[in-house]
Amino acid sequence: MVFGGTKTPAMALTNGLANASIPTWEPGNLMSRWLKTIFVTILFATLSGCGGSKVMLHDPTIPEPLIDQMPITVVARFPEEFDNFVHEEQVIGKEKWTIDLGQANKLLFTQLFGSMFSDFSVIANDADARSLPIDALIEPSIDAFEFSVPNQSQTDEFAVWIRYRIKIFDNEGVQIANWPIAAYGKSQTTTFGGDNALRRAAVLAMRDAAALIIMQMDKETGISELSAARARQEEAPPTNLPAEENLQSTAAEEPPDDSL
Amino acid sequence: MIRSNPGGLSQLAVIALLGSTLGACVTSRMENVRQEATGIAEGEGVVIMAKSYHLGNETEANFISCIGDSIGRGSSGLRVIPNREFVDALFPWFEPRTAPAETKGLPALMARPGVAETIREKGVRYIIWLDGDTDKVAGGGSMSCAAGPGGGGCFGFAWWQKDANYDATVWDLTGLEDAGTVSADVSGTSFLPAIVIPIPLIARTQAKACKGLADQLKLFIVSDESV
């Protein structure tokens, strides 16, 4: 319907469509095109939710810890997975989430151990540490990585659980500790948005692990005593017992954490 | 060309009547329990922290920001040290896992290398620990919406009630003691009547709790009343 000779938007649109090589025009055709357009838009909007999200976390840093360094010489050997760690989580009937930590774990442990020990360096993952003048070799690894998204938890929170394992060897290659660590972080979507919230939750979980290691490592593994043990070993005559027999402070294997 | 539409006018009148009758309502109660005398000097500030989620606390991040903003605003605003700056400067002693849960852990914390010096440098006199959250506790009604080529609309009525319960515990880092607690209990009921157009009458429960708690906290800290 046209009032006073002015063109309605519908007419203008119709003219445009007619110019675009549509041979005939009927009101029903235009309406069905609008409905199709709306339907296709809704379909794309719905399907895009199933495409999945990928979150990258390549440069996590922890603040410089306010701690006294342990006066021991330590090297770390990182597993290959620390070079490129990617975890995927398929939410049943919903979207797929991928978190790419890249070298984040390597950076975290390098920074953390560098702050904790007076003399720290990283060796290649195929290097033999027994020939090095060190007190301890640390081998961290990831046992499990999980996260939950708001669709799963029915909250507005992303949560990340990381289960690390820290193995410590003395200067002769004898394992003195095998310590599992369960770390947790969570973040709300309302504050950071989906991707940022998951990234923030992962960072918080890594900070949680770092805090736990700083607080408990010496108590759980007795790593600070390795320096004195090596000194005694170097001073003692060769007939003495090997140093590792005096070092039975191996951390007990904790039962599996059901929360992971 | 304007055409009169008696039906539309009556609908508007009904909606207006509903709105005025059922306007969202909020009830609030603020309380404080003082254990020690407080006060704040020039250059001293506060930091707002959430109690640890390792202990099951669910305080929303936006509520923490709101309290920080509100306490720092206005002519009587206090100096608020940003939460993340404080936590990073004292890493790892205020992480969710390691933060002291009670004031009796403060002397040991302050004895750790660099902690007392960093707190002094930042000028933090009080730590305000927030605990609590806002929950939907009840709701009802029904509403249906439909759309077609000729238009669309909604009909029905829905309501929901939210309770915001928060406690703010104030620690004085000068005396290493618990100065007291300020509490906010706010309950709000929102309504959503719809006759063609939904009219939301939203009770801003959390915002009310934030403003009330922040105002009380400011008074609590600056007040020099003795116990």
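Biologist: How many salt bridges does the rule find across the interface of chain B and chain A?

Modeller: Four. A salt bridge here is a side-chain nitrogen of Lys or Arg within 4 Å of a carboxyl oxygen of Asp or Glu. One caution: this is a predicted model, where local features need pLDDT of at least 70, side-chain atom pairs count only at pLDDT 80 or more, and totals for chains, interfaces and linings use all residues. Residues are numbered from 1 along each chain as its sequence is written, and side-chain values use heavy atoms, leaving out hydrogens and water.

Biologist: Which side chain meets D88(B) in a salt bridge?

Modeller: That of R207(A), at 2.8 Å, N to O.

Biologist: What area is buried between them?

Modeller: About 2000 Å², with 58% from carbon and sulfur atoms. Buried area is the accessible area (1.4 Å probe) that two parts lose on being put together, summed over both. Y53(B), F91(B) and R97(B) supply 35% of what chain B buries against chain A, more than any other three residues.

Biologist: New topic. How do strand 6 and strand 7 of chain A pair?

Modeller: Antiparallel, over 12 bridges. Strands are DSSP runs (E, at least two residues), numbered from the N terminus, and two of them pair if DSSP finds at least two bridges between them. S141(A) has R165(A) in strand 7 as its bridge partner.

Biologist: Which way do strand 2 and strand 6 of chain A run?

Modeller: Parallel, joined by three bridges. V75(A) is partnered with L137(A) of strand 6.

Note on methods. Chains are lettered from A and ligands numbered from 1 in the order in which they are written. Helices (H or I, at least four residues) and strands (E, at least two) are DSSP runs, numbered from the N terminus.
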